Amino acid sequence: MLALAAGAALSPLAPAHAAYGVRAEPRPEPMSGDEVVQSGHRFFGAIARDLAQGVEQLARRWGRPNAYVLGQEGSGAFVGGLRYGEGTMYTRNAGQRRVFWQGPSLGFDAGADGDRTMMLIYNLPSVDAIYTRFGGVAGSAYLVGGLGFTELSADGVVVAPIRAGLGARLGLNLGYLKFTPEATWNPF
């Protein structure tokens, strides 16, 4: 009988914890949707709250955007910097269009970052009006990750990039973004 019990405990079909006298743990129960949502709010709360407050402030200042861009970008700087990005511009009644942007900056700025970017566009008179240079002042201060808002303008059109990403960046710079229909390495 002892040999039969030992054989059962060492059988490949027996649970591994049975061979060592370890008690089986209960199977985790599924969580409710409310529990998951509450955990998400606690985890992402600060970033989501900051994003909502920034968008509300832009809406008070500029009204409702008539276009927006969703994309990603990368940048790096040491006194002078470069930024490159790509995404899709969406409008309510003029469809969507692939756009690319690039631009130099100059200032007290050092670091590098990669961001997911949403750009709210105000007062865009036509879809092709996006293909120009939008200038402004930008500041960054984050280590590992962060969220940033900037306002750039040209000829009454305002582009407000909202960036959330990873990297290490500290500085204040003056620069512009040039939007193009094709990708290019020339930031000027």
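Start with the lining of the largest pocket, which by class holds five nonpolar, two polar and two charged residues. To display this lining, select R64, P65, N66, A67, Y68, Y90, T91, R92 and L120, and bear in mind throughout that the model is predicted. The volume of the largest pocket comes to about 210 Å³. If you then colour by element, strand 1 (residues 67-90) turns out to give the largest share of the lining, namely three residues.

Next, select M89. Leaving aside neighbours within four places in sequence, M89 is in contact with A67, Y68, V69, G95, Q96, R97, V99, I121, L124, V127 and I130, and of these partners A67 and Y68 also line the largest pocket.

From M89, widen the view to the largest nonpolar core, which has 17 residues, and in which M89, I121, I130, F134 and F179 touch the most other members. At least two residues of this core are supplied by each of strand 1, strand 2 (96-122), strand 4 (152-154) and strand 5 (157-180). Apart from this core lies another one, of six residues, including Y122, V158, A160 and I162.

Now go to R83, which is located in strand 1. Is R83 buried or exposed? R83 counts as buried, because its relative accessible area is 13%, under the cut-off of 20%. With residues up to four places away in sequence not counted, R83 touches E73, G74, S75, W101, Q102, G103, D113, D115, R163, R169 and L177. For a distance to display, take R83 and G114, whose C-alpha atoms are 9.6 Å apart in space while the two residues are 31 apart in sequence.

Then step back to the whole protein chain, which contains three helices and five strands, running α-α-α-β-β-β-β-β from the N terminus on. Of the 188 residues in the protein chain, 31% are buried. Among contacts between residues at least 6 apart in sequence, 69% join residues at least 24 apart.

Finally, colour the model by confidence. The protein chain has an average pLDDT of 81, and 76% of the residues score at least 70. Where pLDDT is low, the predicted coordinates should not be read in detail.

Terms used
Residues numbered from 1 in each chain as written. Predicted model: local features only at pLDDT ≥ 70, side-chain atom pairs only at ≥ 80, totals over all residues. Heavy atoms only, no water. pLDDT = per-residue confidence, 0-100. 1 Å grid on protein atoms, 1.4 Å probe; cavity = no way out; pocket = protein on both sides within 12 Å on 5 of 7 lines; lining within 4 Å. Points joined across faces, edges and corners; volume = space filled by probe spheres on them. Helix = DSSP H or I, 4+ residues; strand = E, 2+ residues; numbered from the N terminus. Nonpolar A, V, L, I, M, F, W, Y, C, P; charged D, E, K, R; others polar. Core = buried A, V, L, I, M, F, W, Y, C linked by side-chain atoms within 4.5 Å. Buried < 20%, exposed > 50% of the residue type's maximum accessible area, 1.4 Å probe, protein only. Contact = heavy atoms within 4.5 Å.
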